[in-house]
Amino acid sequence: RRIYAIRALGFEGNHAAALPLVGLLYDPDTVIQQCAVNALSNLRDPNVVTILKDQLQNASKEKAMTILFNLWRFEGRRKEIIPIYLKYVKGKDMELRFHALLLLGYISDVEEHLDIYSGFIKDRDKRIRRIVAERLGESGNKEVKTLLSLMVDDEDMEVKRAAVKALKHL
């Protein structure tokens, strides 16, 4: 029931709910914390970004993932959000790296981070390599053909397909 109530509080413009929702970020139940992050994000108040950034400092993996999945929605604060995704992209946790790279594409142009994407063409995570192939193809930059050509020889069939499709798109 608490989850439904929290979700109901988080509708755009319901600024009166902000304070109670912030309090729920410290609830001992991780699921409640995640619901509070989602509800706060649904308020669409750009000031929420500062709160979410602070929460990332000591967040559990689940809470961090929920925050990452919500930050891209605040495009007006993209200059603050992009470095957060880049930090997680360079991190050690494979799940957080994967999702940060995926979400980075929602808030920034591929061209802005070609160096980041190209650094992952041989990553151990095939999901990351597939995203890289897709994003390099989206870039429209003919200079990435060499990188994509290398990816055509990838051991994973999905990565190969994504690289071939990206090359055709260029």
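This is a predicted model: local features need pLDDT of at least 70, side-chain atom pairs count only at pLDDT 80 or more; totals for chains, interfaces and linings use all residues.
Is Glu 12 buried or exposed?

1. Glu 12 is exposed, because its relative accessible area is 60% and the cut-off for exposed is over 50%. This residue sits in the loop that joins α1 to α2. Leaving aside neighbours within four places in sequence, Glu 12 is in contact with Asn 42, Leu 43 and Arg 44. Leu 150 lies elsewhere: Glu 12 and Leu 150 are 138 residues apart in sequence, and their C-alpha atoms are 46 Å apart in space.

2. The C-alpha trace spans about 55 × 30 × 25 Å along its principal axes. Of the 170 residues, 48% are buried. Among contacts with a separation of 6 or more, 60% are between residues 24 or more positions apart.

3. Helix α3 covers residues 30–42. Its 13 residues should span 18 Å at 1.5 Å a residue, and the C-alpha atoms at its ends are 18 Å apart, which agrees. At the start of α3, a side-chain oxygen of Asp 29 comes to within 2.9 Å of the backbone nitrogen of Val 31. After the helix comes Arg 44, which has a positive phi, near 60°. Arg 44 is also one of the residues in contact with Glu 12.

4. Which residues of α3 are buried? They are Ile 32, Gln 33, Cys 35, Ala 36, Val 37, Ala 39, Leu 40 and Ser 41. These buried residues pack against four helices, namely α1 (2–9), α2 (18–24), α4 (48–56) and α5 (61–71).

5. Helix α5 also packs against α7, at an angle of about 10° and with the two axes 9 Å apart. Angles under 35 degrees count as roughly parallel, and α5 and α7 are therefore roughly parallel to each other. On the α5 side the contact is made by Lys 61, Ala 64, Met 65, Leu 68, Phe 69 and Leu 71. On the α7 side it is made by Glu 95, Leu 96, His 99, Leu 103 and Ile 107.

6. Arg 97 is found in α7, which runs over residues 94–107. Is this arginine, Arg 97, buried or exposed? Arg 97 counts as buried, because its relative accessibility is 5% and the cut-off for buried is under 20%. A polar atom of the Arg 97 side chain lies 3.4 Å from the backbone oxygen of Gly 91. Not counting residues up to four places away in sequence, Arg 97 touches Tyr 88, Val 89, Gly 91, Lys 92, Phe 120, Asp 123, Arg 124 and Ile 128.

7. Helix α11 covers residues 157–169. Here too the 13 residues should span 18 Å at 1.5 Å a residue, and the end C-alpha atoms are 18 Å apart, in agreement. At the start of α11, a side-chain oxygen of Asp 156 reaches to within 3.1 Å of the backbone nitrogen of Glu 158.

8. The buried residues of α11 are Val 159, Ala 162, Ala 163 and Ala 166. They cover an arc of only 100° around the axis, so they lie on the same side of α11. These buried residues pack against α9 (126–139) and α10 (145–151). The face turned away from the buried side carries the exposed residues Arg 161, Lys 165 and Lys 168.

How values were computed: Residues are numbered from 1 along each chain as its sequence is written. Side-chain values use heavy atoms; hydrogens and water are left out. Helices (H or I, at least four residues) and strands (E, at least two) are DSSP runs, numbered from the N terminus. The expected span of a helix is 1.5 Å times one less than its number of residues. Buried means under 20% relative accessible area, exposed over 50%, partly exposed in between (1.4 Å probe, protein chains only). Contact means heavy atoms within 4.5 Å. A polar contact is a pair of N or O atoms within 3.5 Å; within protein, one must be able to donate a hydrogen and the other to accept it, and residues adjacent in sequence count only if both atoms are side-chain atoms. The arc is that of the directions from the helix axis to the C-beta atoms. Axes are lines fitted to C-alpha atoms, for helices over the stretch in contact, and angles run from 0 to 180 degrees between N-to-C directions. Angles under 35 degrees count as roughly parallel, over 145 as roughly antiparallel, 65 to 115 as roughly perpendicular and the rest as oblique.
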